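Colleague: I would like to learn how to read a model of this kind, feature by feature. Please give the general idea each time, then the case at hand.

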Amino acid sequence: MKKLLFFIFSVFLFSSCQHNPYKLKTYKFPKPVDTTTRPIEYQVKKTYEIGDVSATNEFPSARLNDFTQIDDSTFQATINAENVPINTSPWYAFKIWSKQTKSVYLKLYYVVHRHRYFPKISYDGDNWERLDSTRITLTPDSLHAILKLDLTQKPLWIAGQEIQDHRRVGEWMNQWKANPVVTLGDAGESVQGRKMFFMDLSKGNHKNKPTVVVISRQHPPEVTGYFAMQAFIETIIEKGAINGFLDKYRVLVYPMMNPDGVDLGHFRHNTGGIDLNRDWAKYNQPEIKQVTTHIVKEAKEGENEIVLGLDFHSTHYDVYYTFDDSVERKLPGFTKEWLSQIEKELELVDINEQPSGLNQPISKGWFFKQFGAEGIVYEIGDSTPRDFIKRKGEVSAVSMMDILKKMR
Ligand SMILES: [Zn+2]
C-alpha cells in the first residue's frame with residue numbers, strides 16, 4: 001500500500017512538473033519586469049546645413065537628434081535616447097561633410113547619457129576603421145566626447161560601431177541561399193513591417209533532431225556580438241555540413257531580433273519602448289511574441305527537442321553569462337566543457353564565465369523555462385579586436401559541435 005501511494009504520488013509529482021514544451025506558456029521569474037508598451041520619441045530625419053558644413057541622419061541606423069554650431073570651428077551633434085529609463089549606451093551614426101575642406105571640432109553631446117562607443121569612420125558605410133585615438137577627447141563626466149575631424153566634400157560616416165542595419169543583415173543571410181544545409185525564411189514582421197529574419201540549418205531532414213537556437217541583436221548597437229554570431233553560424237554551415245553535426249542536429253537562427261530598433265538607431269529598445277531582453281515571460285512585444293511562437297511551432301513540427309539557446313550580445317568586455325548549479329537543465333557538463341575548450345584553444349588566461357540563477361525574464365531563462373534547455377548569453381566586448389571576434393566565433397562553433405556530437 002505504501003509503495004502504491006508512493007507510486008501515485010511520484011506520478012503526480014512528475015506530471016505536475018512536466019509541461020508540454022510545444023505549447024508556449026507565460027512564466028513567473030524571480031525579478032519580473034513590466035514590458036507593456038511605452039511611448040518613444042522619434043528623431044526628426046533631416047539634413048542640417050550650417051554654412052559650409054552639413055550633417056545628415058537620413059539613412060537606416062542613423063542617430064543624430066540635432067546639429068548646431070558652437071563657434072567658428074566647433075559643431076555639436078546632439079545624441080539622445082528613444083526613451084528613458086534606459087541603459088546608458090548612446091548609439092550615434094551620421095554623415096558629415098563640408099563644401100570647403102576644413103578641420104573642425106565636433107562635440108558629441110549625449111544629454112544625460114555617458115559615452116560608450118569609440119567612434120568608427122567610413123567613406124562608404126561598408127568599410128570602417130577606428131578614429132585615430134589622438135582625435136578624441138572625453139570630458140571627465142563622459143557626457144561629451146570631442147572629435148577633431150578633417151572635412152571635405154565627401155561625406156564622412158561617423159558611428160558608434162560598424163553599421164549593420166536590417167538590409168545588411170538580410171544580405172549576409174542571403175549569401176547562404178543556395179547552400180543545401182540552409183533554409184531561409186522569417187518569423188513574421190516587426191511593428192514597422194521589417195522581416196524577422198530566420199535561418200534553418202540541417203543536413204537532410206530535420207525531423208527529431210535535437211536543436212540549438214541562436215539569436216542576436218535584441219539590443220541594436222551590439223554589433224560585436226552580431227559579428228561573433230556571424231562567424232559562429234558561418235562555421236556551422238561550412239564545417240557542420242561535413243563533420244556530421246548537421247546530420248545529427250538542427251539549428252534555428254534569428255540574427256535580427258530588433259529590426260526597428262536597429263534601423264531607427266535606437267540605444268536599446270524597440271518601437272514599443274521596451275528592452276526586448278526583459279520580455280521573455282509575458283511576450284508583450286510583437287518581436288518576442290513572434291519569435292518565441294515560431295521557435296515552439298518549428299520544434300513541434302519537427303518533433304525537435306530544444307537543448308541549447310545562445311543569445312549574442314555586446315558589453316564592455318568579453319563574458320559568458322551562464323546558469324549556476326541551482327538551475328538543473330539538459331546537457332549537464334556542456335557549458336563547463338565548452339568554455340574550457342574555447343579557453344584552451346584561444347590560449348586565454350580566463351574565459352570569464354559569470355554563472356547565476358534565474359533572475360529577470362531574459363532569453364536565457366526562457367530557454368530553460370520553456371524547454372529545460374541550457375541557456376547562455378554570449379557577450380563580446382565593444383572594442384574586442386574584430387579578427388579575434390571572428391576567430392572566437394569559429395572556435396566556439398567547432399568546440400560546440402564536437403561536444404554536442406558526443407552527447408547525442
Ligand atoms: Zn545586450
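Modeller: First, the ground rules. This is a predicted model, in which local features need pLDDT of at least 70 and side-chain atom pairs count only at pLDDT 80 or more, while totals for chains, interfaces and linings use all residues. Residues are numbered from 1 along each chain as its sequence is written.

Colleague: How many helices and strands does the protein chain have?

Modeller: Helices (H or I, at least four residues) and strands (E, at least two) are DSSP runs, numbered from the N terminus. The protein chain has nine helices and 19 strands.

Colleague: What does the radius of gyration say about the protein chain?

Modeller: The radius is taken over C-alpha atoms, and the globule rule is 2.2 Å times the number of residues to the power 0.38. Here the radius is 23 Å, close to the 22 Å from the rule for 408 residues, so the protein chain is as compact as a globular protein of that length. Along its principal axes, the C-alpha trace spans about 90 × 45 × 40 Å.

Colleague: How is the protein chain divided into domains?

Modeller: Domain bounds come from an automatic or database domain assignment. Domain 1 covers 21-37 + 164-407, and domain 2 covers 47-159. Their centres, taken over C-alpha atoms, are separated by 32 Å. Two residues are in contact if their C-beta atoms, placed from the backbone, lie within 7 Å. On that basis, domain 1 gives 15 residues to the contact and domain 2 gives 16 residues. On the side of domain 1 that touches domain 2, α2 (166-174) and α5 (259-263) each supply at least two residues.

Colleague: Which strands make up the open sheet of six strands, and in what order?

Modeller: Strands of a sheet pair through backbone hydrogen bonds, either parallel or antiparallel. The criterion used is that two strands pair if DSSP finds at least two bridges between them. The order in this open sheet is β1-β2-β5-β11-β7-β8, and the pairing is antiparallel. β1 (47-50) and β8 (128-130) are the edge strands, each pairing on one side only. Strand β7 (residues 120-122) pairs with β8 over three bridges in the antiparallel sense, and Lys120 stands opposite Arg130 in β8.

Colleague: What is the pairing in the open sheet of five strands?

Modeller: The pairing is mixed, with the order β3-β4-β6-β10-β9. β3 (66-71) and β9 (136-138) each have a single partner strand, so one side of each is left without a neighbour in the sheet. Strand β4 (residues 74-78) and strand β6 (residues 102-109) run parallel and are joined by five bridges. Ala77 stands opposite Leu108 in β6.

Colleague: Is Gln230 buried or exposed?

Modeller: A residue is buried if 20 or more other C-beta atoms lie within 10 Å of its own, exposed if 12 or fewer, and partly exposed in between, with C-beta atoms placed from the backbone. Gln230 is buried, with 20 other C-beta atoms within 10 Å. Gln230 is found in helix α3 (residues 223-240). Leaving aside its neighbours within four places in sequence, Gln230 is in contact with Trp172 and Gly393. For the protein chain, buried residues make up 42% of the 408 residues.
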